[in-house]
Amino acid sequence: MSDIATGLLPPTERSNWIRLRTLILLRWTAIAGQVVAIAVANLYFQIQLDLGLCLLVIGASVLANVIAVAIHPENRRLSEKEAMLTLLFDVVQLSALLFLTGGLNNPFALMLLTPVTISATALGRMSTLFIAHTAFALITMMTFYYVPLVDASGEIQQLPHLFLFGFWAALVIGISFLGLYADRITSEMNKMSDALLATQMALAREQKLTDLGGVVAAAAHELGTPLATIKLISSELMDEVDDKPGLREDIETLREQADRCRDILQSMGRAGKDDLHMHTAPLKAVIDEAAEPHLDRGKEIIFSFEPIHGGSPRMPVIYRRPEVIHGLRNLIQNAVDFAESRVWVMGQWTQGEISVRIMDDGPGYPPHLLGRIGDPFVRLRKSPEQQKKRPEYEGMGLGLFIAKTMLERSGATLSFANGRDPMLTSERSDQRGAVVEVEWPASKIGVSAEAQLAALGENTLIEA
């Protein structure tokens, strides 16, 4: 599926989610805070500041906001470069104001963390690294070069060298830690959001295919009457045009086409008949439907079904839910993709549980990723031999995530394991690859006897 079809966006396009209005509002807040801080320092603490230069620096932010509002609409979405330049301007403007107000002796130097954190949550890593390194350079410069803070008595207010160095180190570490932390958390959230969106779209597609059957059945039913009318009228017309061979042939052609439409609609109606019985099926039928697209891919798929632990000898009937079929299909596809020659699909049931186990004779899951199976976008490192064997396979783990999410939504629990320890190459068995087990409580997916009777309908005695 393409990125447009799945809704997955590359990281470089995520900056297009940022509205210019949002950054402008944040900048107005920063401007108000800067004005209040300078006013309090000058009027209350009697700090001798160069108010003209300070107001000039603040005025630059005001002018930038006014120009942005005048040129661009409020709903403007910023590109990666535009958002990076906007945040870079804020870093430089705040650094210039700090330079005029004591450098790192000003406790508001901590505010330099804000633009870097915003960049880490919204922009790509290259843009964040550029902004962070710019902040590092400006912080280091302000450690040595700045306009000192002088109070009303003429005394210079500054930190001891040890505390000044500690503040510099804290800022550098804070920018690095918060930037990495915000980037990691945001990346995880975006991946999960993308994967859930892909899951929803896959489920919606399966649901639409299921609903299409009902639409086809309804169309076949509604069009049956007009076609019967056409056929009846054409039969009557043929009796009246015996003396006109050309017209008779046209009417015969009309009848043949009406019969053809009838046959097509009948076949469509049979395929798309949507009744309660079609919503349920034996466990074997549902698994066969899920595995059908992968039966002719050069791998042998072996099916087995059996009751265990006192389960009924009669195979359970389950609901034919789109999420169950699509989830099992993804798991079987993954097994077929990595199997050497065989895949085993085992359906088992007890009085209270229904389970499906899927195994293959492939290499199994990488041991270091076994705990993360089912997470989205887990890329697997492939050897050159594997790359040549399957050059088209990206291995992002999205298929397993979709399958896991859909099946868990139906009430299932999934477990992933290896049939053997991949490190013990001397251990050989047929079912030695990856193992996936899906278990449902029978009450979640199984159809009760009463529900089966309701689907089939009650037999009634018709008296003569």
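**Helices, pockets and a cavity in a predicted model**

The protein has 14 helices and nine strands; helices (H or I, at least four residues) and strands (E, at least two) are DSSP runs, numbered from the N terminus. The model is predicted, so local features need pLDDT of at least 70 and side-chain atom pairs count only at pLDDT 80 or more, while totals for chains, interfaces and linings use all residues. Residues are numbered from 1 along each chain as its sequence is written, and side-chain values use heavy atoms, with hydrogens and water left out.

Of the 464 residues, 38% count as buried, where buried means under 20% relative accessible area, exposed over 50%, and partly exposed in between (1.4 Å probe, protein chains only). Contact means heavy atoms within 4.5 Å. Among contacts between residues at least 6 apart in sequence, 77% join residues at least 24 apart.

Helix α2 has 24 residues, which should span 34 Å at 1.5 Å a residue, and its end C-alpha atoms are 35 Å apart, which agrees. The expected span is 1.5 Å times one less than the number of residues in the helix. Buried residues of α2 include Leu20, Arg27, Gln34 and Asn42, and their cover includes α3 (51-71), α4 and α5. In the loop between α2 and α3 lies glutamine 46. Its phi is near 55 degrees, a positive value in a residue other than glycine, and at 38% relative accessibility glutamine 46 counts as partly exposed.

Helix α4 has 21 residues and reaches 31 Å from its first C-alpha to its last, close to the 30 Å expected. Serine 95 has its place in α4 and is buried, with a relative accessible area of 5%. Apart from neighbours within four places in sequence, serine 95 is in contact with Leu112, Leu138 and Met142. Just after α4, glycine 102 takes a positive phi of about 100 degrees.

Grid points are joined across faces, edges and corners, and a volume is the space filled by probe spheres set on the points.

The second largest pocket has a volume of about 760 Å³. Of its 32 lining residues, the closest to its centre are Gly33, Gln34, Leu94, Phe108 and Met111. Two or more lining residues come from each of α2 (20-43), α4 (80-100) and α5 (113-122), and α2 gives the most, with twelve. The lining divides into 21 nonpolar, nine polar and two charged residues; Ala, Val, Leu, Ile, Met, Phe, Trp, Tyr, Cys and Pro count as nonpolar, Asp, Glu, Lys and Arg as charged, and the others, Gly among them, as polar.

One cavity of 30 Å³ or more was counted. The largest cavity has a volume of about 40 Å³, and its lining includes Leu331, Asp360 and Val436.

Definitions and conventions:
1 Å grid on protein atoms, 1.4 Å probe; cavity = no way out; pocket = protein on both sides within 12 Å on 5 of 7 lines; lining within 4 Å.
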